[in-house]
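Trainee: Hey, could you walk me through this one? I'd like to go over the chains and then the helices.

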Amino acid sequence: MKLPSLRIYAFAYLAFLYAPILLLPIFAFNDGTIIAFPLKGFTLDWFSQMFANDTLGRAVRNSMIIAGSTAVLATAFGIFAARAGTRFSFPGKGPIMGLIMLPLVLPEIMIGGSLLLVLLAIGIELSILTVILGHVLIATPYTIAILNTAFASLDRSLEEAAYDLGEGKLSTFRLITLPLVLPGIISSMLIAFTISLDEFIIAFFLAGNEPTLPTYIFSQLRFPKQIPMIMALGTCLVLLSIILLTIAEYVRRRGLKKTGAKDTGGFL
Amino acid sequence: MNTRAPMIEFQDVHKYYGEYHALRGITATIRAGEFFSLLGPSGCGKTTLLRTIAGFEGISSGAVLIDGKSMENVPANKRPTNMVFQSYAIFPHLTVAQNVGFGLRRDARSKAEKDKLVEEALEMVGLKGYGPRAAHAMSGGQRQRVALARALILKPKVLLLDEPLSALDKKIREQMQVELIKLQREVGITFVLVTHDQEEALVMSDRIAVMFEGEIAQLADPETLYRRPNSRRVADFIGVMNFLPASVTGEANGHIQVEAAGLGAFEIEAAQASAAPAGGQASIGFRPETLTILYEGQTPLDRETPGTIEEVVYYGDMTYYDVKLDGVDVPVRISMRNVFGRPVLDIGTRTRVAWSPGALVLFR
Ligand SMILES: Nc1ncnc2c1ncn2[C@@H]1O[C@H](COP(=O)(O)OP(=O)(O)O)[C@@H](O)[C@H]1O
Ligand SMILES: [Mg+2]
């Protein structure tokens, strides 16, 4: 571990990972349209330009709706699948679980393309609803993988004990199961939200005329004049991600502390 | 309470897990107010049988009755039973008091009354004042008490316990055994205990059902089980028993004539013979403490046979001797209480062993 080359490698790795992100706020406040050093001066123009942009506003709203819905739906499906997968044995369980997890490795461009064909064939109009559909499809395998771990570490007799003490199936789930898998649910929603928020291909195929953040950003990259504003947007997104992660990690750790469970690794 | 009344009745209960026949025709009655144990090696179906009482496990055929009522179509949350789980199943996200009071959630009583019940239940299991603590921070023994209080607060007709002591270390386990017996006498509720520990079953139970491979091999009180096991298998499972080959030479008027190599011919009472003759080679069984090594000048109460000490195991209060009796092929194990002034004998010592036909069991 004392090898200097290892330390250099680690620093280089981190620099490669985070230096571009650090450039975002730098150029977001730079008073110049060209993304190059030396810096010119300080300005908030790009931010005001960003907030004044109606199309961008729409894209942000769309993306939030899509990512939020995806997080909730994919996690709900994940809960059903993970619970069934860890609690019950039924014929064909292996192949069924395998098929559910398959989108994890399928190229998104194939999923997006084939979804587009099917939707057009049955005459469903493209909208943010169709994007949600596609995003739930690709995010659900991730949520299942996360929730499987949460459900598998849940002692089955806890649910039986609640049932034995007079609770019904539903109230047992609400009072015992849900609070105990809450850290997993938070991780799952966070992952699904993130996957959806920066997903480009499916959104590009299935959104129709509606902009989402990635498709809007992509469309603006052709105009050099717009790039500083994109930098400002990127700065906001990074900030938002950090806040979101912090909150999620806080809630997750509080949940773990409350149940005395061992921390099996979160995001921060 | 009439302790003779049946509380739980199994009527030819069968249970299949797919192809696997886990319970093979269980017929038995557990009486109201008794401390009943299901004893058997791991995998014999004890937990499965217990769970058919609780309602967690459906049965394939037969019937389970509780207090005279068939439990068919009665789900677990509507049965007059509560369970202490092997893992204790303490809700880790709740406090001790919330755990204990969990079953009262659906109760119409006021909060103050419920709090009082919880406090009483905690006091009963020796956890007075522990209510506000986080349940997940309790030790193993404490969790077990919380689980007990939680199950007993609903005043069930039957308390089911699945190996409740197996996770505790020896000292605490023995202490809890005594506490559980006391508690059961105090509340008068029927306890059904699952255990694979024969000593635990003997210490705690009014009656014990010994199970092998999904069947009850013998159902009796501890003394009968120990002194008159009805098969070699039961005898072997409960405590230590010496088996010697023997042959039955006659049988009349409630007496059986037996001959065994090294021991000669003698007569026993018919009640000493295990139930069904299976044919083939018979054997007799002695518990180690029914055999006595005679010291200089001691005379046997009944019979004696000479032998040589082959092995000595010293336990402090007891010494186990393996003695090869003259004319007998296998050594017999003899346990002797160590008494002040009486030396522990050495390997190779020639000795006389006292025994009595009245203390043996005949298996055939
Ligand atoms: N849910 C189940 N599915 C299939 N087999 C089971 C199930 N539960 C128990 N068994 C089998 O039934 C047998 C009895 O199990 P159990 O009642 O738990 O035994 P014990 O409590 O006496 O150790 C075991 O062989 C076990 O493998
Ligand atoms: Mg068991």
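**Where the chains meet**

Trainee: How many salt bridges are there between chain A and chain B?

Mentor: The count between chain A and chain B is three salt bridges, a salt bridge being a side-chain nitrogen of Lys or Arg within 4 Å of a carboxyl oxygen of Asp or Glu. Keep in mind that this is a predicted model, where local features need pLDDT of at least 70, side-chain atom pairs count only at pLDDT 80 or more, and totals for chains, interfaces and linings use all residues. Residues are numbered from 1 along each chain as its sequence is written, chains are lettered from A and ligands numbered from 1 in the order in which they are written, and side-chain values use heavy atoms, with hydrogens and water left out.

Trainee: Which side chain does B:Arg51 meet in a salt bridge?

Mentor: That's A:Glu160, at 2.7 Å from N to O.

Trainee: New topic: what is chain A built from?

Mentor: Eleven helices and zero strands. Helices (H or I, at least four residues) and strands (E, at least two) are DSSP runs, numbered from the N terminus. The C-alpha trace of chain A spans about 70 × 60 × 35 Å along its principal axes.

Trainee: How do α6(A) and α8(A) pack?

Mentor: Helix α6 (residues 128-152) and helix α8 (residues 169-197) of chain A pack at about 150°, with axes 9 Å apart. Axes are lines fitted to C-alpha atoms, for helices over the stretch in contact, and angles run from 0 to 180 degrees between N-to-C directions. So α6(A) and α8(A) are roughly antiparallel; angles under 35 degrees count as roughly parallel, over 145 as roughly antiparallel, 65 to 115 as roughly perpendicular and the rest as oblique.

Trainee: Which residues meet there?

Mentor: Among them are A:Tyr142 and A:Ile146 in α6(A), and A:Ile185 and A:Ser188 in α8(A). By class, the contact of α6(A) with α8(A) has twelve nonpolar, seven polar and no charged residues. Ala, Val, Leu, Ile, Met, Phe, Trp, Tyr, Cys and Pro count as nonpolar, Asp, Glu, Lys and Arg as charged, and the others, Gly among them, as polar.

Trainee: What about α3(A) and α8(A), at what angle do they pack?

Mentor: About 135°, with their axes 8 Å apart. That makes α3(A) and α8(A) oblique to each other. A:Arg83 of α3(A) is one of the residues in that contact, whose residues divide into 13 nonpolar, seven polar and one charged.

Trainee: Which side chain does A:Arg83 meet in a salt bridge?

Mentor: A:Glu159, at 2.9 Å from N to O. The pair links distant parts of the chain, with A:Glu159 in helix α7 (residues 156-164) and A:Arg83 in helix α3 (residues 54-87), 76 residues apart.

Trainee: Last one: where is A:Gly168, and what does it touch?

Mentor: A:Gly168 lies in the loop between α7 and α8 of chain A. Not counting residues up to four places away in sequence, A:Gly168 touches A:Tyr163, B:Asn77 and B:Arg106.

How values were computed. Contact = heavy atoms within 4.5 Å.
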